[in-house]
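Let's walk through this structure together, one question at a time. Each answer works its way to a value or a name.

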Amino acid sequence: MKKIFIGISLFFSLTLLTACRSDTSKSTENKTSSTQPSISTERTKDFSFYADSLVNHRLYYDVHQDSGGMGVNTEINHVISVDNGKVTNYFVPSGIMKLSDLKGLSDRQIIDKVKAADKEGFKQTIEMIKSSTRVNTDVLNNIEYQSPSPSPLNVEAITDSSGNNISSETLKISQISGYITEQERLTLSENNADPGNYLEGLVKKQTTLSYTFTSALQNQTVTVFNTKYTGFYDGETQKFLLTKYIDNQQPKMDVITQKGLKISIE
């Protein structure tokens with residue numbers, strides 16, 4: 001009888017010890033995983049642009065819908081990286097990148113790809129200026145390319161007529177831009193005064209880029225190969241800010257009570 005009692009006691013002791021070790025292992029595992037860097041650690045079922053951009057990382061693709069709709073041949077105009085309250089804008093020259101070119105790429109690989117595209121756009125701008133003006137353009141050869149850098153998130157919203165809901169949101173990005181407008185290109189040959197300073201200022205000018213959307217693509221996605229995209233839309237310009245559709249998360253407009261969001265009444 002005594003041997004049976006000892007056996008039972010030993011069994012319970014081993015069971016408790018195993019459980020303790022298991023709990024300790026889980027605790028250590030949780031502690032370790034929580035200290036690892038992670039993308040989008042605070043995602044929720046729904047996400048709005050501003051609130052989500054304050055705490056998560058996403059890539060958005062500025063695209064335009066033509067008569068053929070959107071799909072593999074849709075060109076990407078800009079790639080916008082939002083990351084915990086910071087935003088970085090990459091320019092993509094016409095014809096360089098389509099939605100189909102993102103197939104199988106991680107976010108890091110996409111950013112590397114658009115960094116190269118942005119630099120190529122700068123080179124194209126330099127060549128355009130050289131071919132569009134009669135003045136000495138030697139100064140352009142010494143202007144170094146500046147890679148886009150993160151800037152604080154800046155979103156301005158406008159309410160509807162009731163003042164209770166947001167009818168549009170505009171992401172504004174202030175950065176050094178080496179890309180000239182059509183009007184600037186047309187007036188280049190007319191500017192003969194101090195061309196060196198003028199051309200350098202033209203390439204290194206401070207620019208504010210704006211992306212406006214008026215609705216979210218609730219329950220709507222764009223499928224390209226094995227990837228679905230959702231995001232935000234401006235019906236007036238037919239422009240979209242698309243992002244990968246992850247874990248069935250639905251985009252929505254921000255709310256007027258969102259802390260930090262700049263709101264104007266219509």
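Q: Where is Ser-100 found?
A: This is a predicted model, so every value here is computed from it. Look between strand β4 (86-91) and helix α3, where a loop joins the two. Ser-100 is found in that loop between β4 and α3.

Q: Which residue has its backbone oxygen 2.9 Å from a polar atom of the side chain of Ser-100?
A: Setting aside residues up to four places away in sequence, Ser-100 touches Val-72, Val-224 and Phe-225. The backbone oxygen that lies 2.9 Å from a polar atom of the Ser-100 side chain belongs to Val-72.

Q: Is Phe-225 buried, partly exposed or exposed?
A: Phe-225, one of the residues that Ser-100 touches, lies in the loop between β10 (222-224) and β11. Its phi is positive, about 55°, although Phe-225 is not a glycine. Buried means under 20% relative accessible area and exposed means over 50%. The relative accessible area of Phe-225 is 47%, so this residue is partly exposed.

Q: The charged end of which residue sits over the ring of Phe-225?
A: The ring of Phe-225 has a charged end sitting over it, 4.5 Å from the ring centre. That charged end belongs to Lys-103.

Q: What is the relative accessible area of Gln-238?
A: Gln-238 lies in the loop between β11 and β12 (239-244). Phi of Gln-238 is near 60°, a positive value in a residue other than glycine. Gln-238 counts as partly exposed because its relative accessible area is 26%.

Q: What length does helix α3 reach from its first C-alpha to its last?
A: Helix α3 covers residues 107-132, which gives 26 residues. At 1.5 Å a residue, the expected span is 38 Å. The helix comes close to that, reaching 37 Å.

Q: Why does Val-114 count as buried?
A: Val-114 lies in helix α3, where the buried residues include Ile-110, Ile-111, Val-114, Ala-117 and Asp-118. Residues three or four places apart in an α-helix point the same way, because there are 3.6 residues a turn. Leaving aside neighbours within four places in sequence, Val-114 is in contact with Val-79, Tyr-90, Phe-91, Val-92 and Met-97. Val-114 counts as buried because its relative accessibility is 0%.

Q: What distance separates the C-alpha atoms of Val-114 and Asn-89?
A: Along the chain, Val-114 and Asn-89 are 25 residues apart. Their C-alpha atoms are separated by 9.7 Å.

Q: Is the ring pair of Phe-47 and Phe-232 stacked, tilted or edge-to-face?
A: The model has 9 aromatic pairs. In the pair of Phe-47 and Phe-232, the ring centres are 6.1 Å apart and the planes stand at 90°. Planes over 60 degrees apart count as edge-to-face, so the pair of Phe-47 and Phe-232 is edge-to-face.

Q: How many residues apart are Phe-47 and Phe-232?
A: Phe-47 belongs to strand β1 (residues 46-48) and Phe-232 to strand β11 (residues 227-234). Phe-47 is buried at 3% relative accessibility, and Phe-232 is buried at 0%. This pair links distant parts of the chain, with a separation of 185 residues.

Q: What is the angle between the planes of Phe-213 and Phe-232?
A: Phe-213 is buried, as is Phe-232. Their rings form a tilted pair, 4.7 Å centre to centre, with an angle between the planes of 35°.

Q: The charged end of which residue sits over the ring of Phe-47?
A: Ring pairs link Phe-47 into a cluster with Phe-49, Tyr-60, Phe-213 and Phe-232. The charged end over the ring of Phe-47, 3.7 Å from its centre, is that of Arg-58.

Definitions and conventions
Residues are numbered from 1 along each chain as its sequence is written. This is a predicted model: local features need pLDDT of at least 70, side-chain atom pairs count only at pLDDT 80 or more; totals for chains, interfaces and linings use all residues. Side-chain values use heavy atoms; hydrogens and water are left out. Helices (H or I, at least four residues) and strands (E, at least two) are DSSP runs, numbered from the N terminus. The expected span of a helix is 1.5 Å times one less than its number of residues. Buried means under 20% relative accessible area, exposed over 50%, partly exposed in between (1.4 Å probe, protein chains only). Rings of Phe, Tyr and Trp (its six-membered ring) pair if their centres lie within 6.5 Å; planes under 30 degrees apart count as stacked, over 60 as edge-to-face and the rest as tilted. A charge sits over a ring if NZ of Lys or CZ of Arg is within 6 Å of the ring centre and within 35 degrees of the ring normal. A polar contact is a pair of N or O atoms within 3.5 Å; within protein, one must be able to donate a hydrogen and the other to accept it, and residues adjacent in sequence count only if both atoms are side-chain atoms. Contact means heavy atoms within 4.5 Å.
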